[in-house]
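Visitor: I'd like a quick tour of the charged pairs in this one. Could you walk me through them?

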Number of protein chains: 2
Amino acid sequence: MEIKQAIIMRTDLDMGKGKIAGQAAHAAVLGYVKVMSRDSSIAEAWEQGGQKKIVLKIATEKEFFELFSQVKREIPCAMVQDAGMTQLEPGTATCFSIGPWDSAQIDKFTSKLKLL
Amino acid sequence: MEIKQAIIMRTDLDMGKGKIAGQAAHAAVLGYVKVMSRDSSIAEAWEQGGQKKIVLKIATEKEFFELFSQVKREIPCAMVQDAGMTQLEPGTATCFSIGPWDSAQIDKFTSKLKLL
């Protein structure tokens, strides 16, 4: 079984490169911690196997929350809400991570999304 | 003591937004795992306290490796080397994380760097 983590990033918020990088990093750690507490063998295998990950984009807030609702029923997901100190309103949801989890199961939900 | 994680990103590699986000995410998890194994109280305090992080830029490979050599003597750092499947040569060092660690101690090394 291949394990990966997917990060779903909103592109409608006009975030700069550094902001996007920080939010993705936040999502990655939150997702790792969540999976570690639920099934540490998956999290460890992913971490030690090179941490395969993909960053995907989604263009609207509506699609973003719809996808989150669907995926989280089957796979551990972690939403990032920005503290809003710089570019965004406090509490703005910027991205979420899926997994680390079985790659094929993630693909069922994300196969139509494009790489950021 | 405020705890944060800094991610130092090279800007001389012409990486796209998605690439930068993936590398930053990788560095964040590697750094978290490293600090967790060395002093779990720091890693847990950071993670539960909102994961403060900053993403900083550095313009040349020389400065990048010089900074890494200096910082890692005092603070746990984690270097990311790209697998090179897409935009970069295999093994290219793209970024490294510092900490999570005492924010003031990180600032001693990074105060001259600008936000990405």
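**Charged pairs**

Guide: A network of salt bridges links A:Arg10, A:Asp12 and A:Glu61. This is a predicted model, where local features need pLDDT of at least 70 and side-chain atom pairs count only at pLDDT 80 or more, while totals for chains, interfaces and linings use all residues. Residues are numbered from 1 along each chain as its sequence is written, chains are lettered from A in the order in which they are written, and side-chain values use heavy atoms, with hydrogens and water left out.

Visitor: How many salt bridges are there over all chains?

Guide: Here a salt bridge is a side-chain nitrogen of Lys or Arg within 4 Å of a carboxyl oxygen of Asp or Glu. By that rule, the count over all chains is 14.

Visitor: Is A:Arg10 buried or exposed?

Guide: A:Arg10 pairs with A:Glu61, with the closest N and O atoms 3.9 Å apart. Buried means under 20% relative accessible area, exposed over 50%, and partly exposed in between (1.4 Å probe, protein chains only). A:Arg10 has 6% relative accessibility, so A:Arg10 counts as buried.

Visitor: Which residue forms a salt bridge with B:Lys4?

Guide: B:Lys4 is buried, with a relative accessible area of 6%. The closest N and O atoms of the pair are 2.5 Å apart, and the partner is B:Asp107.

Visitor: What is the relative accessible area of B:Arg10?

Guide: The side chains of B:Arg10 and B:Asp12 meet in a salt bridge, 2.8 Å from N to O. B:Asp12 counts as partly exposed because its relative accessibility is 34%. B:Arg10 is buried, and its relative accessible area is 5%.
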